Amino acid sequence: MIVIKKATRQQAPEIARLIMMAMTDDCCLHFCGEGYGLDDFRRMMTTLVEREDSQYSYTNTYVACDGNRVVGISVSYDGGKLHALRRAFLDLSREYIGKDNSGMDDETQAGELYLDSLAVLPEYQRQGIAKRLIAATKERADALNLPCVGLLVDKANPAGEALYASVGFQYSNDSHWGGHEMKHLTL
């Protein structure tokens, strides 16, 4: 039985792997400096998940667990806190992946709980886990008195967009992030 619950610091390696799956290898490499790769990015992401002052923190994460195995994640945070939470990513980018990413675009803004990363392991997909993680994220937005949940979906990911539409997300505007053309959707 799959259980949705708040993440723990000890789950950081599994959470980091799933965040990278949500981002795609291409996007992760976009943020890496010359001579750095996915292993470097994974080490950085694991450290960011372990921290409490990061947008990718375990404190911002719900996990879907099959027993002790993390099979899905939902990482979300108050969009109004993006710049404060992103500071850890920017600092560690220089150290772990050799690149100054301080010029990156904002992917969210105040007034929404930003669903930064949603991923389910391939062998667990199409079982309703992503929808349950989205529902938990929406409950978090309500508890924080944020009027909506927002996210970016890659324009080249029609399956992801269809999933989001099936639970009520609607198109807000076009965006660009991580070297990709995106759509900003809200629920």
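Reader: How far from a polar atom of the side chain of Thr-137 does the backbone oxygen of Leu-133 lie, and what makes such a pair a polar contact?
Author: In this predicted model, where local features need pLDDT of at least 70, side-chain atom pairs count only at pLDDT 80 or more and totals for chains, interfaces and linings use all residues, the two atoms are 2.9 Å apart. A polar contact is a pair of N or O atoms within 3.5 Å, where within protein one must be able to donate a hydrogen and the other to accept it, and residues adjacent in sequence count only if both atoms are side-chain atoms; 2.9 Å therefore falls inside the distance limit. Residues are numbered from 1 along each chain as its sequence is written, and side-chain values use heavy atoms, with hydrogens and water left out. The side chain of Thr-137 also makes a polar contact with the side chain of Ser-74, at 2.5 Å.

Reader: Why is Thr-137 called buried?
Author: The relative accessible area of Thr-137 is 0%, and buried means under 20% (exposed is over 50%, partly exposed in between, with a 1.4 Å probe and protein chains only), so Thr-137 is classed as buried. Leaving aside neighbours within four places in sequence, Thr-137 is in contact (heavy atoms within 4.5 Å) with residues including Tyr-62, Ser-74 and Val-149.

Reader: How do you know whether Glu-112 is buried or exposed?
Author: Glu-112, in the loop between H4 and S4, has a relative accessible area of 1%, and is therefore buried.

Reader: What makes H3 a helix, and how does its reach compare with the expected span?
Author: Helices are DSSP runs of H or I with at least four residues, numbered from the N terminus, and H3, residues 38-50, has 13. The expected span is 1.5 Å times one less than the number of residues; H3 reaches 18 Å from its first C-alpha to its last, close to the 18 Å expected. Among the buried residues of H3 are Phe-41 and Met-45, and what covers the buried residues includes helices H1, H2 and H4.

Reader: Which residues have the most contacts inside the largest nonpolar core?
Author: They are Ile-19, Phe-31, Phe-41, Met-45, Ile-73 and Phe-89, in a core of 61 residues. The term covers buried Ala, Val, Leu, Ile, Met, Phe, Trp, Tyr and Cys residues joined through side-chain atoms within 4.5 Å. Met-45 is in contact with Ile-19, among others.

Technical notes:
Helix = DSSP H or I, 4+ residues; strand = E, 2+ residues; numbered from the N terminus.
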